[in-house]
Structures are given as C-alpha cells and as structure tokens.
Amino acid sequence: MITNTEIEQRGNLFPNQVIDYKKDADKLYFTTENGVILQITILRDSGIRFRFGTGNTFEPDFSYAICENVSLGYNHLEVEELASEYVIETAKLKIHVSKSNLKTQIKDLEGNIINQDELGFHWEENYEYGGNIVKMSKLTQSSESFYGMGDKATHSNLKGKRVNNWAMDQYAFGKDQEPLYKAIPFYVGLHNNMAYGVFFDNTFRSYFDFAQERRNVTSFWADGGEMNYYFFYGPEISEVVQAYTDLTGKPELPPLWALGFHQSKWSYFPEKKVKDVAKKFRDLKIPCDAIYLDIDYMEGFRCFTWNKEYFPDPKRMVQELSDDGFKTVAIIDPGIKIDKDYWVYKEAKENDYFCKRGDGPYMQGKVWPGQCNFPDYTNPKVREWWAGLYKELIAEIGVKAVWNDMNEPAVMEVPGKTFPLDVRHDYDGHPCSHRKAHNIYGTQMARATYEGVKKYVYPKRPFVITRSAYSGAQRYTSTWTGDNVATWEHLWIANVQAQRMCMSGMSFVGSDIGGFAEQPNGELFVRWIQLGVFHPFCRVHSSGDHGDQEPWSFDEDVTNIVRKYIELRYQLLPYLYTMFWRYAKEGVPMLQSLVYYDQEDAQTHFRTDEFIFGDQILVCPVQEPNAQGRRMYFPKGKWYNYWNNEVLDGGKERWVVAGIDSLPLYIKAGAIIPKYPIQQYVGELDIEELVLEVYFKMGKESSTVYEDAQDGYDYKKGRFSLRNFKLDGRESALIIRQYKDGKFITPYSTFKLKLHGLPFEIKHIEIDNKIVSLEDVKLKGNSVIEISKDFSELHILGK
C-alpha cells in the first residue's frame with residue numbers, strides 16, 4: 001500500500017566525474033559516472049557543437065534548423081589529457097573540459113577567456129511530461145553585452161533582460177512584451193572586443209537570462225529536449241553572425257520586384273476596390289510593385305478558394321493588375337475549415353493529414369473560418385500535398401507570391417492562444433508532442449508554401465512571407481514583425497526589431513509601415529515611411545478597422561513626402577539588390593547595427609536608433625513627434641550628408657536638422673552608390689544608364705554592384721554582372737578601378753558619374769591610359785561625367 005503520496009522533488013542534477021573519453025574523427029565523447037555524455041564536435045576551428053545526453057544516451061540527431069550545405073572543416077585538432085581536465089586545441093580556440101563536472105572554459109590561443117561555464121550543464125527531471133528540463137549557466141564577463149534573439153521588442157542590447165521563445169500571436173503587442181511571433185534562440189556576446197555566438201538548437205519553449213536574475217550569470221534552458229548548442233567565435237561580430245547564418249542557411253535571391261514597395265490592407269475587396277487602389281498609385285505616380293489580398297478574397301475564409309461575389313473572375317483581375325505592373329500577393333493561413341463539401345478539407349481528412357490530439361481525435365480550434373483542423377506540416381507527405389495546392393492559385397490564376405499568417409499556430413478563444421500541448425506531430429519521422437513542434441510549425445508551413453510557389457512560378461523565383469519563424473526559416477521565406485500599433489513607440493520597436501532580426505540571420509524583414517492596429521496621423525506615417533524604405537521588406541499594411549493607410553490618405557504634403565522616399569528606394573534598388581546578393585552569398589546582414597559595424601567603439605554598444613543600410617549608408621530615423629531634428633551618433637570615418645554634401649567626422653554624437661520631409665541620411669566617404677531611374681514598378685523601364693554617385697575620400701574604399709536579369713535562375717549559371725570598384729582619392733586625383741565578373745550583359749552601355757566632394761577642379765581625364773577630352777565625357781559643373789561601362793581604370797586629374 002502507498003503511504004506517501006508526495007512525489008519527491010529531486011531538483012537539479014549535475015554531471016559528476018568523467019570516467020571515459022574517446023575520439024571519433026571530429027567528435028569527442030566524455031562520459032561521467034552518473035551517465036552524462038558530452039559530445040563535442042569540431043565544425044570549424046572557431047565553430048564547436050556541445051551536446052549533452054543523460055542516461056548514457058542521446059536522442060536521435062535531427063534538426064530543422066541546420067542547413068544541408070553548411071561549410072565544415074578545420075585545420076588543427078589536438079587533445080591533451082591533464083590531471084584535472086582535457087584541453088582541446090584548434091587553430092583558433094582552446095577548450096578546457098573539467099574531469100570532475102564537465103564544466104567547460106573556452107579561450108583564444110593567447111589564453112583570454114571568451115566564455116566559461118558557471119554551473120554549466122544541469123538538468124531536472126520533468127515528472128509531468130517526461131524527459132528533462134535542460135539548463136546551462138555561464139559566467140557573464142566584465143562589461144559583457146548581448147545581441148540577437150530574433151524579434152524581441154526590447155533594447156538592442158539584451159544585458160539585464162530575460163526573454164523566452166514560444167511563438168505566439170500577440171495582437172498589438174507592447175515594448176518588452178514576451179514572447180512574440182518568432183523563436184530564434186541565437187545570441188551574440190561581446191566583451192573585451194571579443195565576440196562569440198551561442199545557438200541553442202532546441203525547439204521546446206526556451207528561456208534566456210542575460211544577467212538579470214544574477215548580475216554575473218547568463219543562462220539558458222528549455223522545457224524538454226537536449227542541451228544542444230553551437231558556439232561560434234569571431235572575434236568580430238560579423239564573423240559570428242556569418243558563421244551562424246551559414247550553419248542555418250542562406251536564402252536564394254528573390255525577384256527584384258520583391259524589394260520594391262508593397263501595399264496591403266485587411267482587406268482590399270471587392271475587385272473594384274483593388275483596381276481603384278492600383279489605379280490611384282499610377283495616377284499619382286507613386287511607385288508600387290505589389291498589392292495584397294487578405295482573407296476576404298476567400299469564400300468564407302476557406303484557403304485556396306475565391307469569393308466569386310467579390311472577385312467574379314480572379315484570373316482576369318490578376319492579369320489586368322499585372323499588365324499595369326502590379327504583382328498580386330495572396331494570404332494563406334493554416335486553419336482548414338471543417339466542411340465536408342470543401343475540397344481541401346476532404347483531401348486532408350481522406351489522407352489523414354491533420355494534427356491529432358494525444359488520444360487520437362483531430363486537433364480542432366477556432367480561427368477565421370470558424371472551427372478548423374490543422375495540417376501537420378512536420379510530415380513530409382503533408383508538405384508535398386500542401387505545395388501542390390498552390391497550382392491553381394499560382395500557375396492558373398497568376399498570383400505571384402504567398403503570405404502565410406496565423407502560423408504560430410494561432411487559435412482563437414482558448415488559453416495560450418495555440419494548440420494544446422498534447423497534440424501530436426510526425427516531426428519528419430521523429431514523433432513528438434506540440435511542446436517540441438510548436439516553435440517550428442510556422443517555419444515548416446512556410447517551407448511547404450515555398451516549395452509550392454517555387455514549383456508553380458518557375459522559371460521565375462518564388463517569394464514567400466511568414467509571420468512565425470524558427471532559426472533556418474530564412475532559407476524559405478521573408479518575414480514581417482506582426483501586428484504592431486500606430487504609435488511612436490512602435491516606430492522605435494520596428495527599428496530595433498529589424499536590426500535584431502538581421503543580426504539573427506534573417507535579413508529579409510520589415511514591419512507593417514504606419515502600424516497595423518489603430519490609426520497613424522500624417523506625421524507618424526511619414527516618419528515610418530522614411531524608416532520603412534530602408535528595411536529589406538517594405539510594405540504598408542493595416543487593419544481596416546482603423547481607417548485608410550494608403551500614401552494619399554492624409555494630405556497632399558504627406559503624399560508628396562511619401563512619394564519622394566518611395567522614389568528614393570526605387571533609385572537605390574541596385575544598391576539594395578547588391579546588399580541582398582551579399583546576404584545570400586556570404587550571410588552578411590542587410591542592416592548593420594552600429595555595434596556590428598564598429599564593435600571597438602564602446603559608444604556603439606547601447607545605440608538603438610542608428611543603423612547602416614548595407615555597408616555604406618547611415619540611417620537614423622526620427623522617432624518623436626514635432627521634431628525638427630535629433631541627436632545621433634556617427635560611427636568611425638567621414639560621412640556625407642545625402643541632402644547637402646556636408647562632410648562630418650565620425651566617432652561623436654551630433655545634433656542634425658531633420659524637418660518633416662528630411663531623414664538623417666549619410667553616405668560613407670569613398671562610397672560609390674549605384675542608382676536606377678525612378679520607375680513606377682520594377683521592369684517598367686529599360687535601364688539605359690547606371691548612375692554612380694561617387695563620394696570622394698582621401699584614401700581608398702571599395703564598392704560593389706551586382707546585377708542580373710532581376711528574376712529567374714540564369715544567375716546560377718554565371719549570367720550575372722559583378723562590378724567591384726576600387727576608389728583611390730588623392731589631393732589632385734581621383735582614381736577608380738573596375739574589376740568585372742560574370743556573363744550577364746547589362747542593358748545600359750554607360751555610367752553617369754556624379755562626383756561629390758571633389759577637392760580640385762577637373763583638368764584632365766584618362767580612361768584606360770588614354771587621355772580623353774572633357775567634351776567626350778560630357779563634363780558638367782566639375783561634378784558629372786559620362787563614360788563607358790567597360791572601363792578598367794579611370795583617372796580624374798586636377799593637374
């Protein structure tokens with residue numbers, strides 16, 4: 001008979017004495033007396049995986065986050081056994097593993113501590129659900145700062161914060177609210193000018209404490225799964241972020257139109273309203289490439305259907321929009337209405353594709369169509385089926401892109417706003433509960449959507465947007481920051497969220513410009529547009545409950561300012577496209593927080609507002625009402641005011657003038673910024689000349705321009721144009737060298753160089769060692785010349 005009904009709380013358990021060590025190629029195994037195994041995998045000289053198993057075993061080694069094409073390999077590996085520890089040495093790091101408790105300490109080769117365990121790995125048995133709550137605590141180094149972690153709506157520097165990862169629909173979320181839509185368990189630590197990164201690849205709900213509870217301790221833990229984390233050493237932040245992005249994957253290039261301006265609303269219907277909005281853009285000559293259809297285009301909110309009363313002939317409408325340069329983007333949610341006469345529901349039910357509760361019934365929950373079942377996107381068969389559903393929408397009707405919403409997954413009118421935790425998932429052959437699958441549900445939906453869109457838009461490129469994401473989602477999709485609010489505080493949040501997402505490997509990001517909930521006034525809308533055109537994904541989206549939010553919805557002054565900044569974005573498309581090419585090729589964030597740009601300068605460690613667009617344009621949005629200017633920090637170097645060519649020295653904070661029509665915008669000295677003519681949509685004009693804005697610098701600077709056919713896959717066969725420019729400025733000379741690569745022939749034949757800050761009067765010009773007349777290059781005002789795009793070396797001389 002049971003006389004004690006209390007369950008003993010065992011508390012934290014810790015590894016004890018190491019009793020066995022073995023090496024198997026790039027993997028090292030340390031086993032303790034109480035059955036803990038530490039597996040250390042050397043991925044690179046500066047990239048290490050730490051994986052802890054309990055009970056003398058590991059779970060199956062499977063991850064949705066890790067890219068199949070990750071770059072692996074190291075130059076040196078040596079293991080030395082000492083009396084109290086093992087010392088692992090690579091060409092970049094020394095890792096000390098204690099024999100008494102498996103605590104680790106990571107140093108550079110000079111002996112400087114980069115990262116070290118406090119309690120190290122420990123765990124707690126989870127009586128309610130089974131398995132373990134896995135924990136890791138580390139010592140916080142002196143003056144250490146922390147960055148990353150996805151879409152957290154808080155200060156860029158996470159020191160003193162506690163956050164958690166559990167993707168959740170958070171309508172009208174607030175500053176510091178936790179959790180939000182994304183679960184990206186990756187952070188960057190920085191101290192003593194040494195940067196490292198930790199990616200805790202665990203899809204259970206996870207928590208990170210950046211020296212909040214205890215000032216000298218940083219910890220992370222999860223409600224289940226394994227303690228499985230990747231460690232990246234820089235010492236530069238850029239090296240850490242690029243290594244993480246390489247591990248979790250880089251995207252393909254999008255079609256260029258996806259980088260244009262997009263207009264959305266919940267909802268544009270019926271057809272006449274859609275056509276009226278499109279016509280107004282063209283009438284007012286405000287560039288726009290895409291118009292969005294929210295859930296009201298569907299029949300009773302049933303995915304993959306059309307409301308024939310609102311849209312009697314969607315194929316014709318989509319074609320007419322296309323004829324005027326508009327690409328149609330349609331929303332698709334995961335909830336499938338329970339309706340025996342609905343073809344999508346019938347197919348899913350017949351094939352047993354819906355998620356089930358722990359005891360067998362289908363998971364059922366309310367979303368927009370009413371009671372719904374939900375496909376299990378962690379099942380590869382379901383993903384293949386889901387991809388095939390896009391055939392009519394994309395291949396037959398002509399929709400160009402898809403927007404996945406509500407995929408946290410969100411469920412209405414229930415505690416927790418999502419699936420019950422007992423819901424079961426296939427997890428690609430590793431069956432589990434929703435506790436494990438929740439955070440990757442949205443990414444796997446976006447993955448299935450990506451495969452479908454890619455198949456049916458071929459030979460063009462796919463474009464997908466998702467609200468929820470886990471690490472690695474960037475391989476398939478862009479994203480936005482969710483249901484924000486039309487407030488000045490949310491303008492600040494949008495800025496830090498976009499920078500943080502870029503630092504977290506997911507650069508194709510933007511916010512609902514103007515705010516989704518509530519109504520902005522004209523001033524807030526202008527200031528948000530000024531920020532939004534410098535985000536990789538640029539879309540106005542709003543709730544129809546709160547009024548209109550098109551560029552002309554305020555007054556003529558607002559409309560004119562908004563047009564000016566959207567036109568600027570279209571002029572900068574070759575620069576933006578080159579940014580994306582670097583992101584896709586090398587994992588370089590499209591937006592760089594100042595700490596990323598110059599980590600040596602301690603002043604950058606707590607800056608939130610300023611950021612580098614690409615690597616040569618400094619942006620600082622105005623984020624308060626009634627402002628005629630603001631204070632901003634200029635990082636190292638010299639910076640040209642975009643509007644008046646004033647040159648300012650970096651390394652200091654300044655007051656800058658910024659009336660309502662002016663955004664603090666600065667160009668790095670030495671930069672060569674490419675520009676296209678203003679177009680109403682991508683592809684409207686044949687590009688007959690590429691403008692190069694050349695900003696003089698005493699010294700050297702490099703710039704790059706990447707171009708291709710703007711869509712399709714010929715670029716993967718070498719049909720691209722890559723131009724590397726090397727600028728060398730001297731007292732009475734400006735030398736520009738061009739190095740070309742790729743087989744794509746650009747449609748233009750000439751460059752128009754606009755010279756800024758030239759400190760001498762032009763007397764002579766040499767192109768490829770031949771003197772040319774100033775008339776031949778059409779010199780205007782000592783600042784504009786035209787030359788062939790095929791030059792190799794240009795000398796602009798003052799003597």
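Q: Which residues of helix 10 meet helix 9?
A: This is a predicted model. From helix 9, the contributors are Gly 522, Phe 525, Val 526, Ile 529, Gln 530 and Gly 532. Their partners in helix 10 are Val 558, Ile 561, Val 562, Tyr 565 and Arg 569.

Q: How do the residues of the contact of helix 9 with helix 10 divide into nonpolar, polar and charged?
A: Gly counts as polar here. Sorted this way, the contact holds seven nonpolar, three polar and one charged.

Q: What kind of ring pair do Phe 199 and Tyr 244 form?
A: The whole structure has 72 aromatic pairs. In this one, the ring centres are 5.4 Å apart and the planes stand at 75°. Planes over 60 degrees apart count as edge-to-face. So the pair of Phe 199 and Tyr 244 is edge-to-face.

Q: How many residues apart in sequence are the parts that Phe 199 and Tyr 244 tie together?
A: Phe 199 lies in strand 15 (residues 194-200). Tyr 244 lies in helix 1 (residues 237-248). The pair therefore ties together parts separated in sequence by 45 residues.

Q: Is Tyr 244 buried or exposed?
A: Buried means under 20% relative accessible area. Tyr 244 has 0% relative accessibility, so Tyr 244 counts as buried.

Q: Over the face of which residue does Lys 564 lie?
A: Lys 564 is 4.6 Å from the ring centre. The ring belongs to Trp 643.

Note on methods. Residues are numbered from 1 along each chain as its sequence is written. This is a predicted model: local features need pLDDT of at least 70, side-chain atom pairs count only at pLDDT 80 or more; totals for chains, interfaces and linings use all residues. Side-chain values use heavy atoms; hydrogens and water are left out. Rings of Phe, Tyr and Trp (its six-membered ring) pair if their centres lie within 6.5 Å; planes under 30 degrees apart count as stacked, over 60 as edge-to-face and the rest as tilted. Helices (H or I, at least four residues) and strands (E, at least two) are DSSP runs, numbered from the N terminus. Buried means under 20% relative accessible area, exposed over 50%, partly exposed in between (1.4 Å probe, protein chains only). A charge sits over a ring if NZ of Lys or CZ of Arg is within 6 Å of the ring centre and within 35 degrees of the ring normal. Contact means heavy atoms within 4.5 Å.
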